[in-house]
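Please look over the sequence and the coordinates shown below before reading on.

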Amino acid sequence: MSMMSIRAATPRDREAIRLVEEHAFGQQTEAGLVDALVTGGDAVVELVADEDGQVVGHILFSRLFVQNGGKSFPAVALAPLAVEPSFHGTGIGGALVREAHIRLKAAGETLAVVLGDPAYYGRFGYSRARAAKFDSDYQSEALQALAWGEAPETGRLVYASAFGSALAA
Ligand SMILES: CC(C)(COP(=O)(O)OP(=O)(O)OC[C@H]1O[C@@H](n2cnc3c(N)ncnc32)[C@H](O)[C@@H]1OP(=O)(O)O)[C@@H](O)C(=O)NCCC(=O)NCCS
């Protein structure tokens, strides 16, 4: 019987993570983004789905700040999320998002944002309305937010520098 586990990414997973990202997105942009976020020290929660020792899924939440007046509120950005294509539709993406949320909450995080399809992220509690008032270069119908506690509803979203112009979720 196969065994799937969700666990924290380790330095030994880097090459396998790169391959999952490349296979899922069909390009190298997201894999490069992951490396840049980790190298830059901006990863907050990074998990892999491990199927019998093979990395078949990956999720990364990085530090993002909501700047409001003179204040800077720490939040997190979900990007990227990737599952090996041959494993799509088996619940791995959902398991990664839910386990990451548990760990983020336990660590005291109160706000996450994502740029993606509301039809997918809505099932995890992300809402367009919760993100609508943020000031962001990426403000659009795809920008969604999920708050677990007290967190700003307005302010400027400042992503980790690795995002540059290559933002993808
Ligand atoms: C998106 C992705 C991570 C989902 O992973 P997964 O393990 O297949 O997801 P799950 O098995 O947990 O959930 C599957 C469900 O999500 C739906 N789904 C998958 N991608 C979707 C999308 N882009 N928009 C809407 N629904 C989507 C499936 O139709 C399925 O729906 P169902 O539960 O009603 O049958 C995976 O398809 C993937 O790696 N895609 C390529 C990279 C990508 O697009 N990442 C996210 C960017 S927003």
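This is a predicted model: local features need pLDDT of at least 70, side-chain atom pairs count only at pLDDT 80 or more; totals for chains, interfaces and linings use all residues.

## Asp13 and its surroundings

Not counting residues up to four places away in sequence, Asp13 touches Arg7, Ala8, Val48 and Val55. Asp13 itself sits in the loop between β1, which covers residues 4–8, and helix α1.

With a relative accessibility of 7%, Asp13 counts as buried, because the cut-off for that class is under 20%. Asp13 and Ala24 are 11 residues apart along the chain, and their C-alpha atoms are separated by 16 Å.

Ile17, Val20, Glu21 and Glu22 are the buried residues of α1, and they pack against α2 (29–39), β2 (43–51), β3 (54–68) and β4 (71–83). An α-helix has 3.6 residues a turn, so residues three or four places apart point the same way. Just after α1, Gly26 takes a positive phi of about 70 degrees.

His23 is also found in helix α1, but at 42% relative accessibility it counts as partly exposed, because this value falls between the 20% and 50% limits. Leaving aside neighbours within four places in sequence, His23 is in contact with Glu84 and Pro85. The C-alpha atoms of His23 and Val83, which are 60 residues apart along the chain, are separated by 8.3 Å.

## Leu37 in helix α2

Leu37 has its place in helix α2, and at 0% relative accessibility Leu37 counts as buried. Once its neighbours within four places in sequence are left aside, Leu37 is in contact with Asp42, Ala43, Leu60, Ser62, Ala79, Ala160, Ala162 and Phe163. Leu37 and Phe61 are 24 residues apart in sequence, and their C-alpha atoms are 9.4 Å apart in space.

## Helix α3

Helix α3, made of residues 92–106, has 15 residues and reaches 21 Å from its first C-alpha to its last, close to the 21 Å expected at 1.5 Å a residue. Buried in α3 are Ile92, Gly93, Gly94, Leu96, Val97, Ala100, His101 and Leu104. These buried residues pack against β1, β2, β3 and β4, and also against α4 (118–121) and β7 (143–147). Just after α3, Gly108 takes a positive phi of about 90 degrees.

## Backbone points to check

Most residues other than glycine have a negative phi, and most peptide bonds are trans. Asp52, which lies in the loop between β2 and β3, has a positive phi of about 50 degrees although it is not a glycine. With a relative accessible area of 53%, Asp52 is exposed, because the limit for that class is over 50%.

A cis peptide bond joins Ala79 and Pro80, with an omega of about -5 degrees. Pro80 has its place in strand β4, and Ala79 is among the residues in contact with Leu37.

## The chain as a whole

The secondary structure of the chain comes to five helices and eight strands, and, read along the sequence, these follow the pattern β-α-α-β-β-β-α-β-α-α-β-β-β. The radius of gyration is 15 Å, close to the 15 Å that the globule rule gives for 169 residues, so the chain is as compact as a globular protein of that length. Taken along the principal axes, the C-alpha atoms fill a box of roughly 50 × 30 × 30 Å.

Of the 169 residues in the chain, 44% are buried. Among contacts between residues at least 6 apart in sequence, 61% join residues at least 24 apart. The chain exposes about 8000 Å², of which carbon and sulfur atoms supply 52%.

Terms used:
Residues are numbered from 1 along each chain as its sequence is written. Side-chain values use heavy atoms; hydrogens and water are left out. Buried means under 20% relative accessible area, exposed over 50%, partly exposed in between (1.4 Å probe, protein chains only). Helices (H or I, at least four residues) and strands (E, at least two) are DSSP runs, numbered from the N terminus. Contact means heavy atoms within 4.5 Å. The radius of gyration is taken over C-alpha atoms; the globule rule is 2.2 Å times the number of residues to the power 0.38. Accessible areas come from the Shrake-Rupley method with a 1.4 Å probe; for residues, only the protein chains shown count as cover. The expected span of a helix is 1.5 Å times one less than its number of residues.
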